[in-house]
Amino acid sequence: MENSGDTRYDEMFRFVEQCLDGYAAGAGSKDKIPYSRFDHTRRVYRWMMQLYEACEHREQMDLESLKIATIFHDCGYGKGRKGEHAVVGAKICRDYLKERNYSEEQITFICELISSHSDKQRIWADIPWELVLLMEADLLDDTGAHAVVMDIWMESTEEEVSFESIRDHIARFSLKQINNNPMRTPAAREIWEKKSALVKAFYESYCRDLAWEQWLGLSGEN
């Protein structure tokens, strides 16, 4: 369990964990592995806090609302729930906060962050900095080294898997994803560049290793 240092947020994490209990990724590239949406939420929360501490606009932000929106941002993925996950998650969060007597103004703001967080193309638009950081933190997860491991894991579930098919899977997903830096804040851009350099270095090294193995096979050596 994420230790936020505040019992209110710890309670929210427990609630979201219950919302996501039994979730199994059922669409997109993660549907072949037991991907934990709750673990993703905890990682996004840590990325968000790191970006917040480095952000020059943090004095303008409502950190409480940002924390709550981050905790609830993917709760709409819960098993059996129908509809776009961001909209569903905003509804779940609204009901939760209303029961705990949060102001309507704050509830509305938090729910707007949740319902909008998937529209990553708006990251450079005139949007609240809280939404920028939530989008950036969400994008930073499942990238870099983590993404490469996920590529290998997902490819290993295929009936016919090989070193070359793993190479191609990395090229189609991790390498393609990390190629263009979408981040807006300097801290997030720097983290993305480091992740990008790691993925590119791994892919290039792996390709060289495969070529060496092919050469050994052709030469008849063991």
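This is a predicted model: local features need pLDDT of at least 70, side-chain atom pairs count only at pLDDT 80 or more; totals for chains, interfaces and linings use all residues.

Residues are numbered from 1 along each chain as its sequence is written, and side-chain values use heavy atoms, with hydrogens and water left out.

Rings first. Rings of Phe, Tyr and Trp (its six-membered ring) pair if their centres lie within 6.5 Å; planes under 30 degrees apart count as stacked, over 60 as edge-to-face and the rest as tilted. The count by this rule is 6 aromatic pairs. One of them joins Phe15 and Tyr96, a tilted pair at 4.7 Å centre to centre with 50° between the planes. Phe15 lies in helix H1 (residues 7–19) and Tyr96 in helix H4 (residues 85–99), so this pair ties together parts 81 residues apart in sequence. Helices here are DSSP runs (H or I, at least four residues), numbered from the N terminus.

For accessibility, buried means under 20% relative accessible area, exposed over 50%, and partly exposed in between (1.4 Å probe, protein chains only). Phe15 is partly exposed at 26%, and Tyr96 is buried at 3%.

Phe202 and Tyr206 make a stacked pair, 5.9 Å centre to centre and 20° between the planes. Both lie in helix H9 (residues 186–219), 4 residues apart, about one turn of the helix. Phe202 is partly exposed at 34%, whereas Tyr206 is buried at 15%. Phe13, Phe38 and Tyr45 form one aromatic cluster.

Two charges sit over rings, by the rule that NZ of Lys or CZ of Arg is within 6 Å of the ring centre and within 35 degrees of the ring normal. Arg100 lies over the face of Tyr96, 3.6 Å from the ring centre. The charged end of Arg37 sits over the ring of Tyr77, at 4.0 Å from its centre.

Next, the core. A nonpolar core is a set of buried Ala, Val, Leu, Ile, Met, Phe, Trp, Tyr and Cys residues joined through side-chain atoms within 4.5 Å. The largest one has 58 residues, and those touching the most other members include Met12, Ile68 and Leu97. H6 (129–140) is among the elements that give two or more residues to this core, and H6 supplies the largest share, 9 residues. Taking contact as heavy atoms within 4.5 Å, and leaving aside neighbours within four places in sequence, Met12 is in contact with residues including Phe72, Tyr96 and Tyr102.

Where does the backbone have a positive phi in a residue other than glycine? Asn101 is one case, with phi near 65°. Asn101 is in the loop between H4 and H5 and is exposed at 71%. Asp142 also has a positive phi, about 60°, and is not a glycine. Asp142 is in the loop between H6 and H7, and is buried at 10%. For background, most residues other than glycine have a negative phi.

A pocket is an open set of points on a 1 Å grid over the protein atoms alone, where a 1.4 Å probe fits, with protein on both sides within 12 Å along at least five of seven lines; lining residues have an atom within 4 Å of a point. Grid points are joined across faces, edges and corners, and a volume is the space filled by probe spheres set on the points. The largest pocket has a volume of about 480 Å³. It is lined by 21 residues, and the closest to its centre are Lys30, Asp138, Asp141, Asp142 and Gln177. Helix H7 (145–155) is one of the elements that each supply at least two lining residues, and H7 gives the largest share, 4 residues.
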